[in-house]
Amino acid sequence: MQQSVCLVDDDSELRRAMKQTLELAGLAVSAFPGAAEALAILNPDFSGIVISDIRMPGIDGLTLFRRIADFDPDLPVILVTGHGDIPMAVQAIKDGVYDFIPKPFAADRLVQSARRALEKRRLVMENRALKRAAEVAGESLPLIGQTPVMERLRQTLRHIADTDVDVLVAGETGSGKEVVATLLHNWSRRRNGNFVALNCGALPETVIESELFGHEPGAFTGALKKRVGRIEHASGGTLFLDEIEAMPPATQVKMLRVLEAREITPLGTNIVRPVDIRVIAAAKIDLGDPAQRGDFREDLYFRLNVVTLSIPPLRERRDDIPLLFSHFLTRAAERFKRDVPTLSPAVSHYLMSHSWPGNVRELSHFAERVALGVEGSLGQPIAAAPTSAGLPERIERYEAEILKEALRAQHGDVKATIEALGIPRKTFYDKLQRHGINRADYADRRGSEKSGR
């Protein structure tokens, strides 16, 4: 959301002059003749600041400040005062007003105060966004992310979680398929039932049917007692079949029957038992592609493909890497009873340049190595950061280091740096401005003019 100045003054000439001064400085301004009109557009999501005269008919500037403080005490208010109002303004500063500007004032005084207030507001809004992300993360770890694709995925999960529809989850190794299945279970009415997971690729063909369907005593050599299968154990809850593409063809036929009739016949008996299950299957290949599907039954694929969720690989959502890494690093430091380290330039560059074929799982393991100071040949020993630093401050520091290291590695070449970071050009420039990074500081003679294009 673009930051703007909400300007309130009943003097039309002064209001027009102040608006022009701020706009000439590059600031967006919405001007109002009274506080009531301004209050109609102000709320905790307003990303800008308020500049108001103190003495106005109806609602004066101090009353306006108090009303704003009631719904958002972190929204900066700058009061413009007459000479006789200075004692009143000093008290207002003690009460929480961001700044006061006595009349007459120089244009620079107004602009500088507004810019400082806008920067404070930006930090407040970003910290709130990170806090909301952390709250979401607390419910959906490690589906942490602020990119649109991850927000859509979380929304879809919440939308379908409380239905009994079967779901097919597609995603690369380490992308979080079991996490998605767990969230679907935990957010559903089945949460009090069992969540039963089975990796179809981890069991030999001779064992998987017994694991799934169970068996009676004497059903086969070594079957000395009755065993309840995973499907029956999941009745009333959720059955998660990971790597379902590895399920043997003979088992696929029986699984199709389970999905269609919601009943099983354990090995060694002819008794049919009904089951109340929701099936979530996961595959690391595209089962919709016949070339990749191989001997996986097409009818089973179509029966599973009621709802398909795709988890994007980490390399396609690089903007989420700093937030994810910060979470994993903090968690690892707590587990190993270490201080949370700051990043070396080499580690920062590696985070945004590595392709992460192992996705979130690989990133988590890398964070553990960094927390232990054994990140290998990537960088020098990592200095510990103050333990008082919060999540937003750490993320800000990490992101700034990543940007600087990428610029340094590319000699300030904008195009090459953007490609290395994998982010849009506008996002790149927005981040440079936010962190106060001057690209020219990293440019050499080779990249002077062409770097900015």
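These notebook entries record what I looked up in a predicted model of the protein.

**Entry 1. Overall content**

I began with the whole chain. The protein contains 18 helices and 14 strands. I noted that 47% of its 453 residues count as buried. I then turned to contacts with a sequence separation of 6 or more, and found that 70% of them join residues 24 or more positions apart.

**Entry 2. Helix α1**

I looked up the span of helix α1, residues 12-24. Its 13 residues should span 18 Å at 1.5 Å a residue, and the end C-alpha atoms are 18 Å apart, which agrees. I listed R15, M18 and L22 as the buried residues of α1. Viewed down the axis of α1, these residues fall within an arc of 70°, so they line one face of the helix. On the face turned away from that buried side I recorded the exposed residues E13 and L24.

**Entry 3. Helix α15**

I next examined helix α15, which runs over residues 359-372 and has 14 residues. From its first C-alpha to its last it reaches 20 Å, close to the 20 Å expected at 1.5 Å a residue. Which residues of α15 are buried? I found N359, V360, L363, S364, F366, A367, V370 and A371. They cover an arc of only 165° around the axis, which puts them on the same side of α15. I then asked what these buried residues pack against. Their partners are α13 (321-335) and α14 (345-353).

I also checked the backbone at both ends of this helix. N359 is placed in helix α15 and has a positive phi of about 60°, although it is not a glycine. I noted a relative accessible area of 0% for N359, so this residue is buried. Just after α15, G373 takes a positive phi of about 75°.

**Entry 4. α14 against α15**

I looked up how α14 and α15 are arranged. They pack at an angle of about 175°, and their axes are 12 Å apart. That makes α14 roughly antiparallel to α15, because an angle over 145 degrees counts as such. In this contact, V347, Y350 and L351 of α14 meet E362, L363, F366 and V370 of α15. By class, I recorded six nonpolar residues, no polar residues and one charged residue in the contact of α14 with α15.

**Entry 5. α17 against α18**

I made the corresponding check on helix α17 (residues 414-421) and helix α18 (residues 425-435). Are these two helices roughly parallel or roughly perpendicular? Their packing angle is about 100°, with the axes 10 Å apart. Angles of 65 to 115 degrees count as roughly perpendicular, and α17 and α18 are therefore roughly perpendicular to each other. From α17, the residues V414, T417, I418 and L421 meet R425, F428 and Y429 of α18. The contact of α17 with α18 has five nonpolar residues, one polar residue and one charged residue by class.

**Entry 6. D319 in its loop**

I located D319 in the loop between β14 (307-310) and α13. I asked which residues D319 is in contact with, leaving aside its neighbours within four places in sequence. The contacts are T147, I423, T427 and K431. I also looked up the pair D319 and Q146, which are 173 residues apart in sequence. Their C-alpha atoms are 7.8 Å apart in space.

I checked the peptide bond from K103 to P104 and found it to be cis, with omega near -10°. P104 lies in the loop between β5 (99-102) and α5 (107-140).

I then looked up E243, which is not a glycine but has a positive phi of about 50°. I placed E243 in the loop between β10 (238-242) and α10 (249-261). With a relative accessible area of 24%, E243 is partly exposed. N359, which I recorded above with its own positive phi of about 60°, is by contrast buried.

Note on methods:
Residues numbered from 1 in each chain as written. Predicted model: local features only at pLDDT ≥ 70, side-chain atom pairs only at ≥ 80, totals over all residues. Heavy atoms only, no water. Helix = DSSP H or I, 4+ residues; strand = E, 2+ residues; numbered from the N terminus. Expected span 1.5 Å × (residues − 1). Buried < 20%, exposed > 50% of the residue type's maximum accessible area, 1.4 Å probe, protein only. Arc of directions from axis to C-beta. Contact = heavy atoms within 4.5 Å. Axes fitted to C-alpha atoms, helices over the stretch in contact; angles between N-to-C directions. Parallel < 35°, antiparallel > 145°, perpendicular 65-115°, else oblique. Nonpolar A, V, L, I, M, F, W, Y, C, P; charged D, E, K, R; others polar.
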